[in-house]
Amino acid sequence: MAMDTDIHNFYEHLVLESIREQELFTHLTQEQLADLCCLTLNQLPAHYIRHDVDMVYFLTDEERKSMQLKVHQALSHAYSRLLKNDERDDA
C-alpha cells in the first residue's frame, strides 16, 4: 500500500472545489494557492478516506452542507490571512 496515493483527506477535494467555484486561481500565484490550501486545511478536521465516491455515498445532504460551510468559512479566513501577509511583505 502506498499511503500517499491510497488515502487522502476528503476536505482537500472540498477546498479545491471551493477555490475553483470562487475563481481564486485567476488572481493568485501557484505559491499563494498552495499557501491558501494549507491555511484552509489546517483549520478543518482531518477526514481521511480511500475513495471519494464512498464518502459522497454515505454523507447526508445535511452533513455535506455542513462540511461545505466549514470549508467556506475556513477558506475565507485563510484568504484574509494570506492577503494580510502579502500586504506586509510588500511594505
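Predicted model: local features only at pLDDT ≥ 70, side-chain atom pairs only at ≥ 80, totals over all residues.

**Entry 1: overall make-up.** Residues are numbered from 1 along each chain as its sequence is written, and side-chain values use heavy atoms, with hydrogens and water left out.

I then looked up the elements and found 5 helices and 2 strands, in the order α-β-α-α-β-α-α along the sequence. These are DSSP runs numbered from the N terminus, with helices being H or I of at least four residues and strands E of at least two. The C-alpha atoms fill a box of roughly 50 × 35 × 20 Å along the principal axes. Of the 91 residues, 30% count as buried; the scale is buried under 20% relative accessible area, exposed over 50% and partly exposed in between, using a 1.4 Å probe and protein chains only.

**Entry 2: α2 against α3.** Two packed helices are described by the angle between their axes and the distance between the axes. For α2 (residues 10-21) and α3 (residues 30-41) I have an angle of about 130° and axes 10 Å apart. The axes are lines fitted to C-alpha atoms, for helices over the stretch in contact, and angles run from 0 to 180 degrees between N-to-C directions. The two helices are therefore oblique to each other; under 35 degrees would count as roughly parallel, over 145 as roughly antiparallel, 65 to 115 as roughly perpendicular, and the rest is oblique.

Which residues in α2 and α3 meet? From α2 I listed Y11, E12, V15, L16 and I19, and from α3 L33, L36, C37, T40 and L41. They divide into 8 nonpolar, 1 polar and 1 charged. In this scheme Ala, Val, Leu, Ile, Met, Phe, Trp, Tyr, Cys and Pro count as nonpolar, Asp, Glu, Lys and Arg as charged, and the others, Gly among them, as polar.

I also checked L41 in α3, which counts as partly exposed at 21% relative accessibility. Leaving aside neighbours within four places in sequence, L41 is in contact with Y11, E12 and V15.

**Entry 3: the core.** The largest nonpolar core has 22 residues, and F10, I19, L24, L28, L36 and M67 have the most contacts inside it. Such a core is a set of buried Ala, Val, Leu, Ile, Met, Phe, Trp, Tyr and Cys residues joined through side-chain atoms within 4.5 Å. The elements giving two or more residues to this core are α2, α3 and α5 (61-90), and the largest share, 7 residues, comes from α5.

I followed L36 next: beyond four places in sequence, L36 is in contact with I19, L24, L28, L75, A78, Y79 and L82.

Entry 4: Not counting residues up to four places away, A78 touches L36, L39, T40 and Q43.

Outside four places in sequence, S18 is in contact with V71 and L75.

Key: Contact = heavy atoms within 4.5 Å.
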